[in-house]
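Here is a short report on one protein structure. Have the sequence and the model in view while reading.

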Amino acid sequence: MPEEWSASLAARGERSFTAKQVFHWIHRRGVLDPAAMKNLPARLREHLAAEGLGEVLTPERVHRSEDGTRKLLLRLHDGATIETVLLPSVSGPGSQAQLDADAAAGDDTDDEDDDAGPGAAPRVRVTQCISTQVGCAMGCGFCASGVAGLKRHLGAEEIAGQVLLGRAMLEEGEALRGVVYMGMGEPLHNYEATARSLRLLTHPEGINLSTRRVTVSTSGLVPEIARLGEDFGGQIALAISLHAADDATRSALMPINRKYPLDELLAALRAYPLPRRRRITIEYTLVAGQNDDPVEARRLAKLLRGIPVKINLIPMNPIEASSLGPPGLERVTAFQEVLTQAGYSCFVRRRRGDDVSAACGQLVLLGAKPKVRRAVG
Ligand code: SAH
Ligand code: SF4
């Protein structure tokens, strides 16, 4: 934050406006190399370099998919690697691709603040998916990060830094539209760093993302959902990985459910201070033979009654470490049908970036096909 730069630079006898300059270089312009911060005094540039600024994240490789999806492999200062994904979509308000991106970003609001009006040149809007941990401690059996286990938390700079690097990679005509915390790791298990990164990404002197275009996805850490709601007044968009509508099924897929069972999780969703006309995204990964029965869909419809939600169905992306897999198309459609019949907005996510090898299955599953857009609850 600029205030913090102010304090630390004042302690070194720097003039007050240099703090804003440093923050602008990093967060507005995405420049992490102190040597390139031309308007700073040489001694300060040397100090910043000595402090290790510029070494937070090193881009190692970019995989580009035929559909334009780009996966960046980033190396951290201790040698660990993480991934972040850029998901472009050609826009024009209301276009199919744009609806896809909206669904990925958890955004179902009208585009009242978009400048591309009728007749405007189409822009490519990009949603970026970021990681919050190296691996994950939650142990979901269908997830590559869960199987890997937690290696370490990321710091706020490492989380927000992914967006600085992602933004620097945007191509002609592309604009960063939103950020989703759906990469490796459980954001709310790393609450402090996640919250700080949210402040950095939405800071008006920095990247200045609108809070409603930032979505935090969680497996359901109940106390931290309440904390997020309180700390950000409900402004951060929320996605919940539900994956089942009864405790036995959910606990089998997601060990966290034993700690925070469905009734507590649903109570946390009801209590989330959601702004008017906004909805919580429910993620439901369909795993063949586990949670894909139409009976489970009917339970889900009942469970969510009265909560403003939209539902994203994600046929499981197979991972090497597990024999679990996705159901067939008919089963997916039948599941969706139950929910649409019950009046829910229900999307089946289409896989994107299939041809970029994905160590982290979920990262490539952000496109979505809206079926029905009917308000519920
Ligand atoms: N830990 C958070 C955010 C990262 S996971 C969470 O669980 O919500 C982002 C999403 O990808 C979650 O909904 C997760 O269940 C889903 N996911 C993980 N592995 C997957 C796979 N192999 N196939 C489909 N979805 C997967
Ligand atoms: Fe962690 Fe989310 Fe994967 Fe579960 S699905 S193991 S919470 S990253």
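## A salt bridge between a loop and a helix

D246 counts as buried, because its relative accessibility is 17%; buried means under 20% relative accessible area, exposed over 50% and partly exposed in between, with a 1.4 Å probe and protein chains only. The side chain of D246 meets that of R299 in a salt bridge, at 3.3 Å from N to O. A salt bridge here is a side-chain nitrogen of Lys or Arg within 4 Å of a carboxyl oxygen of Asp or Glu. D246 lies in the loop between β9 (237–241) and α9 (247–253), and R299 lies in helix α12 (residues 294–303), so the pair ties together parts 53 residues apart in sequence. R299 is partly exposed, with a relative accessible area of 40%.

Helices (H or I, at least four residues) and strands (E, at least two) are DSSP runs, numbered from the N terminus.

## How the model is read

This is a predicted model: local features need pLDDT of at least 70, side-chain atom pairs count only at pLDDT 80 or more, and totals for chains, interfaces and linings use all residues. Residues are numbered from 1 along each chain as its sequence is written, chains are lettered from A and ligands numbered from 1 in the order in which they are written, and side-chain values use heavy atoms, with hydrogens and water left out.

## Other salt bridges

The structure holds 18 salt bridges. One of them joins the side chains of R70 and E174, at 2.5 Å from N to O. This pair links distant parts of the chain: R70 sits in strand β2 (residues 70–76) and E174 in strand β7 (residues 174–181), 104 residues apart. Both R70 and E174 are buried.

Another salt bridge joins the side chains of R349 and E283, at 3.9 Å from N to O. R349 is in strand β12 (residues 346–350) and E283 in strand β10 (residues 280–286), 66 residues apart. R349 counts as buried at 5% relative accessibility, and E283 counts as buried at 6%. Salt bridges with shared partners also join R64, R70, E171 and E174 into one network.

Two strands pair if DSSP finds at least two bridges between them. β9 and β10 pair in the parallel sense over three bridges. I240 has I282 of β10 as its bridge partner. Seven bridges join β10 to strand β11 (residues 309–315), and these two run parallel. There, I282 has I311 of β11 as its bridge partner. From β10 the chain crosses through α12 to β11, in a right-handed β-α-β crossover. Right-handed means that, with the strands pointing away from the viewer, the path from the first strand over the helix to the second runs clockwise.

## An aromatic pair

The whole structure has one aromatic pair. The rings of Y284 and F335 have centres 4.9 Å apart and planes at 40°, so the pair is tilted. Rings of Phe, Tyr and Trp (its six-membered ring) pair if their centres lie within 6.5 Å; planes under 30 degrees apart count as stacked, over 60 as edge-to-face and the rest as tilted. Y284 is in strand β10 and F335 in helix α13 (residues 329–341), 51 residues apart. Both are buried.
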